[in-house]
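Colleague: I am new to this structure and would like a close look at a single part of it. Could you take me through the nonpolar patch on the surface, and then go on to the strands and loops that follow?

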Amino acid sequence: MFRFGAIAAGGLALSACAGPLSALQPEGPAARGIGTLWWVMLAAGTAIFLVVASVLMLAFVRPAWLRRFGEARLILWGGLVVPLVILSGLVTAALALGERVLVVGRGEALRIEAVARQWTWRFRYPGGYETDDLLHLPAGRDVDIVLTSEDVIHGFWVPRLGGKLDAIPGHVNVIRLRADRPGTYGGVCAEYCGIGHAPMRFSVEAHEPDAFARIVGPSDDTRQDTAPDGEGGQ
């Protein structure tokens with residue numbers, strides 16, 4: 001009965017982790033690294049909780065077992081050795097997986113400018129084409145999003161494709177994204193920026209390379225926008 005309840009509770013909790021803004025459904029290498037790190041930390045946190053709960057239970061039910069272990073040894077292993085091993089493993093995993101979201105030393109990529117202002121996002125492509133609240137990407141290719149802001153600090157985040165990075169007035173940040181396959185993903189402002197922060201969202205559409213070139217190409221006769229009503233192109 002307890003096992004059934006635990007499985008049902010876990011399934012119910014994880015069912016809320018799906019959808020276009022779910023970081024647990026990665027569609028790119030950066031998001032996959034972040035998702036893996038999340039699972040590693042969840043497993044480590046669960047293991048730590050179970051060990052501490054077990055020791056606490058023993059302290060009430062079988063205190064003699066803990067006394068036999070000895071106070072000094074208990075403090076040494078429980079307070080120093082075990083936490084040091086666990087934290088070292090987590091830091092190593094965070095450093096290794098965190099490299100995937102960095103641009104440094106990873107070669108050239110297509111660059112798209114993203115300018116935030118209260119409360120919308122404008123994306124500018126190499127040929128000069130622009131869209132509002134709709135970001136077009138070529139699938140299967142690295143893209144550097146060059147971030148800045150015209151007013152206050154905003155947070156650029158596409159959970160299924162990568163990590164979060166701030167758009168700061170007078171400063172340029174660059175985050176690299178890559179969509180494994182064509183699809184539509186959600187993006188949000190992840191930094192409180194005023195009363196219109198909550199609805200400051202945008203869509204990301206990843207296309208096959210030929211379709212992407214037709215949409216954002218510099219020639220007027222090849223430009224077209226697939227944005228739904230109320231979103232996208234100029």
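**The nonpolar patch and beyond**

Modeller: Leucine 80 is found in helix α4, and since this is a predicted model, what I say about this residue and the others rests on computed values. The helix itself covers residues 71-98 and, with five residues, gives the most to a nonpolar patch. That patch lies on the surface and is formed by Phe69, Leu74, Leu76, Trp77, Leu80 and Val82, which together have about 520 Å² of accessible area. Leucine 80 has a relative accessible area of 49%, and is therefore classed as partly exposed, because that class runs between the limits of 20% for buried and 50% for exposed.

Turning to the loops, tryptophan 119 lies in the one between β1 (110-117) and β2 (120-124), and the peptide bond that joins glutamine 118 to tryptophan 119 is cis, with omega at about -5 degrees. Another loop, between β3 (130-132) and β4 (134-138), holds aspartate 133, whose phi is near 60 degrees, a positive value in a residue other than glycine.

As for the strands, β6 (residues 154-157) and β7 (residues 164-167) run antiparallel and are joined by four bridges. With six residues between them, β6 and β7 form a hairpin, and within this pairing glycine 155 has aspartate 166 in β7 as its bridge partner.

Conventions:
Residues are numbered from 1 along each chain as its sequence is written. This is a predicted model: local features need pLDDT of at least 70, side-chain atom pairs count only at pLDDT 80 or more; totals for chains, interfaces and linings use all residues. Side-chain values use heavy atoms; hydrogens and water are left out. Two strands pair if DSSP finds at least two bridges between them. Helices (H or I, at least four residues) and strands (E, at least two) are DSSP runs, numbered from the N terminus. Patches are made of residues with over 30% relative accessible area and no salt bridge: like charges are joined within 9 Å, nonpolar side chains (Val, Leu, Ile, Met, Phe, Trp, Tyr) within 5 Å. Accessible areas come from the Shrake-Rupley method with a 1.4 Å probe; for residues, only the protein chains shown count as cover. A salt bridge is a side-chain nitrogen of Lys or Arg within 4 Å of a carboxyl oxygen of Asp or Glu. Buried means under 20% relative accessible area, exposed over 50%, partly exposed in between (1.4 Å probe, protein chains only).
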